[in-house]
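Please read this briefing alongside the sequence and the 3D view shown below. The points that follow are grouped by topic.

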Amino acid sequence: MKTNSIKNVLFVTVFSVTASFAQHAFVNTPPEVSPMPMKPEMTEIWNPEVKVITPAKKIGDAPSDAIILFDGKNLNQWVNKKDNSKPAGWKIVNNDYFEVVPESGDIQTVMKFGDCQLHIEWSAPDEVLDGGQMRGNSGVFFQNRYELQVLDSYNNRTYNNGQAGSIYKDHPPLVNAMKAPLEWNVYDVIYTAPRFKANGLIDAPARITVFHNGVVVQNNATINGLTLYMGLHNYPESHGEDVISLQDHGCKTQFRNIWLRRL
């Protein structure tokens, strides 16, 4: 009986392994050519198909998928920053641009954004009254926290990380690409929002690329945190999408043709 039991066990084991091999075909011979020759279609991505949009006929105008934040008609996409129930207190001029009304307060978008492409045109006040930081000072704040400085830096020396094209008190611009007074300046921005860990600590800081009048002045620069007027920059807390705000710094700075694409 003992011998027969052993034989039975061996038979069942061999049958099970054979049946297992029979169910799973496998290759046990190498290919004729190793490694296999590359074919063009092996590196082609067909799906999903790339979304089609219509670019603007004129460079600088909004493409078809842009969110229009200001086109000269109204300030419906903006509200008072201090009291969101109030409309933006800045004035529209000639159905073309809007101008800061000093001491009326900052304004912010109605909608919130994270990663984005932003186009914004701006000009210093028509009359030059002051110098330094009081010459056409304003700012574009991404996620209501991180400032891209607006300032008339044409023949106007100030601290480098506070002039036009700087990430305020963080990164000076690579060059000063400012146009002469009474001319319009253009910012084209690629902004990547910061990412945070589950515990609220920073995982990946915000990054920004800025073209000032077609010239790169910030090249995928890392934003080191809140762009504070005084103190070291940091990320004190996690956050999601937030508004874009424009600063009332007491100067009659002007803005026009503002549009944004979510990325």
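Lys 91 is partly exposed at 43% relative accessibility, where buried means under 20% relative accessible area, exposed over 50% and partly exposed in between, for a 1.4 Å probe and protein chains only. Its side chain meets that of Glu 99 in a salt bridge of 3.8 Å, N to O; a salt bridge is a side-chain nitrogen of Lys or Arg within 4 Å of a carboxyl oxygen of Asp or Glu. The model is predicted: local features need pLDDT of at least 70, side-chain atom pairs count only at pLDDT 80 or more, and totals for chains, interfaces and linings use all residues. Residues are numbered from 1 along each chain as its sequence is written, and side-chain values use heavy atoms, with hydrogens and water left out.

**Salt bridges**

- A search of the whole structure finds eight salt bridges.
- In the pair described above, Glu 99 is buried, with a relative accessible area of 8%.
- Arg 256 forms a salt bridge with Glu 121, and the closest N and O atoms are 2.8 Å apart. This pair links distant parts of the chain, with Arg 256 in strand β15 and Glu 121 in strand β6, 135 residues apart. Helices (H or I, at least four residues) and strands (E, at least two) are DSSP runs, numbered from the N terminus.
- Arg 256 is partly exposed at 22% relative accessibility, whereas Glu 121 is buried at 9%.
- A salt bridge of 3.7 Å, N to O, joins the side chains of Arg 262 and Glu 241. Arg 262 belongs to strand β15 and Glu 241 to the loop between β13 and β14 (245–246), 21 residues apart.
- Arg 262 is partly exposed at 41% relative accessibility, and Glu 241 is partly exposed at 47%.

**Surroundings of Gln 254**

- Gln 254 is in strand β15 and counts as buried at 2% relative accessibility.
- The side chain of Gln 254 makes a polar contact of 3.0 Å with the side chain of Glu 99. A polar contact is a pair of N or O atoms within 3.5 Å; within protein, one must be able to donate a hydrogen and the other to accept it, and residues adjacent in sequence count only if both atoms are side-chain atoms.
- Residues touched by Gln 254 include Glu 121, Trp 122, Asp 126 and Trp 184, not counting residues up to four places away in sequence; contact means heavy atoms within 4.5 Å.

**Nonpolar core**

- The largest nonpolar core has 40 residues, and those with the most contacts inside it are Leu 118, Phe 142 and Tyr 191. Such a core is a set of buried Ala, Val, Leu, Ile, Met, Phe, Trp, Tyr and Cys residues joined through side-chain atoms within 4.5 Å.
- Strand β6 gives the most to this core, with four residues.
- Leu 118 touches, among others, Leu 69, Val 140, Phe 142 and Ile 258, not counting residues up to four places away in sequence.
- In soluble globular proteins, nonpolar side chains tend to be buried together.

**The loop residue Glu 44**

- Glu 44 is in the loop between α1 (2–23) and β1 (67–70) and is partly exposed, with a relative accessible area of 41%.
- The side chains of Glu 44 and Trp 46 are joined by a polar contact of 3.2 Å.
- Glu 44 and Asp 126 are 82 residues apart in sequence and 54 Å apart in space, C-alpha to C-alpha.
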